[in-house]
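Subject: Structure handover and notes

Hello,

Here is the structure for your files. My notes on what was found in it follow below.

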Amino acid sequence: MKLGSRGALRSRLLMVLSAFAQVTALAVPSNARAAEPDKAVCAEAYRSSQTQRKSGNLRRAREALITCASDRCPSVMQPDCMRWLTEVEAAMPSLTFAATGETGKDVTEVHVSIDGETLTHELDGKAIPVDPGSHTLRFERANAEPIEQPIIVHEGEKARVVSVSWLQKSPVALFREETVKRESSGPPTLTWVFGGVGLAGVATFAILGLTGLNRRSNLEKECFGSCDQSQVDSVKHQFLAADIALGAGALSLGVATVLWLTHRAHKSKEGTSLEALKHFKTPPMTVLVAPKPGGGVAGLTGRF
């Protein structure tokens, strides 16, 4: 009787313990059991965080470090992951985006991607973490041409503002800008060329004229009325050369003056085109002065 009683008691005790274990298992939510740490996942996050960090993929390294630094992973990993996570957070740059529409006002419904990967669908002024290095940003919005912008992001660069604009200049603004550019330019180069040729002609006239007057004065003193005809002709030729140089100089100065006045008139009147003058090719002219026995000769050459 006693032995049988002990066996029955043991059987009842085992049944109670089994029932208690089943109740305890049912009391733990299924999602909590699924969330229990997986040592393989923690180990992979621990290893991957360093690989991604060395490759410059700081965002992926950050995600891995958050995993291995959590309480769900073995405590031996957590100190390293926490320290590395702090270092990655400090080194990871971030960008803030701003955009203006065709009217110059801020727009927020803009899709922003970096190297083909979406960053945001809406601009809210908040900084977005990105990896350091050279990237291409692309901004897209409805009924507008996309804007691409290359950028180099440096480690530790926080909340750098990148702005784009779809603002278009009106035809009036473009016209005024083009007018200002034209007005800011100086006189045409030909103005200075003809001016230089004109001054050279006048200077040549002065030299030949003074020399001719001096020679004529000497002849009047030495042989007035009985001078050799060749001596008289030489002085006449020198005066003729002086007249030619004066004519060439006066013509060149006149052309330079016309070009200058035309340029001034163009500056005072917006919208006046000088395309005809830009394509106008003035034939080159040269004043020639050459000495000759007993005098000199001057001439004007050019292609017409």
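In what order do the 3 strands of the open sheet with mixed pairing lie? The order is E4-E1-E7. Before the rest, two remarks on conventions. The model is predicted, with local features requiring pLDDT of at least 70 and side-chain atom pairs counting only at pLDDT 80 or more, while totals for chains, interfaces and linings use all residues. Numbering runs from 1 along each chain as its sequence is written, and side-chain values use heavy atoms, with hydrogens and water left out.

Overall

The protein has 9 helices and 9 strands; these are DSSP runs numbered from the N terminus, helices being H or I with at least four residues and strands E with at least two. Of its 304 residues, 26% are buried (buried is under 20% relative accessible area, exposed over 50%, partly exposed in between, with a 1.4 Å probe and protein chains only). Among contacts (heavy atoms within 4.5 Å) with a separation of 6 or more, 59% are between residues 24 or more positions apart.

Two strands count as paired if DSSP finds at least two bridges between them. Strand E1 (residues 94-100) runs antiparallel to E4 and is joined to E4 by 2 bridges. Leucine 95 has isoleucine 128 in E4 as its bridge partner.

A second open sheet has 4 strands in the order E3-E2-E5-E6, with antiparallel pairing. Its edges are strand E3 (117-120) and E6, each of which pairs on one side only. From one strand to the next the twist averages 30°. E5 and E6 run antiparallel and are joined by 7 bridges; glycine 133 has valine 153 in E6 as its bridge partner.

Loops with positive phi

Asparagine 143 sits in the loop between strand E5 (133-140) and strand E6 (147-153). Its phi is near 55°, a positive value in a residue other than glycine. Asparagine 143 counts as exposed because its relative accessibility is 82%. Alanine 159, in the loop between E6 and E7, also is a residue other than glycine with a positive phi, here near 50°. At 40% relative accessibility, alanine 159 counts as partly exposed.

Helices

Helix H3 (residues 39-54) packs with helix H4 (residues 58-68) at an angle of about 155°, and their axes are 8 Å apart. Axes are lines fitted to C-alpha atoms, for helices over the stretch in contact, and angles run from 0 to 180 degrees between N-to-C directions. H3 is therefore roughly antiparallel to H4 (under 35 degrees is roughly parallel, over 145 roughly antiparallel, 65 to 115 roughly perpendicular, the rest oblique). The crossing of H3 with H4 is left-handed, meaning that the near helix is turned anticlockwise from the far one by less than a right angle.

Arginine 83 belongs to helix H5 (residues 78-91) and is partly exposed, with a relative accessible area of 42%. Arginine 83 and leucine 65 are 18 residues apart in sequence, and C-alpha to C-alpha they are 9.3 Å apart in space.

Regards
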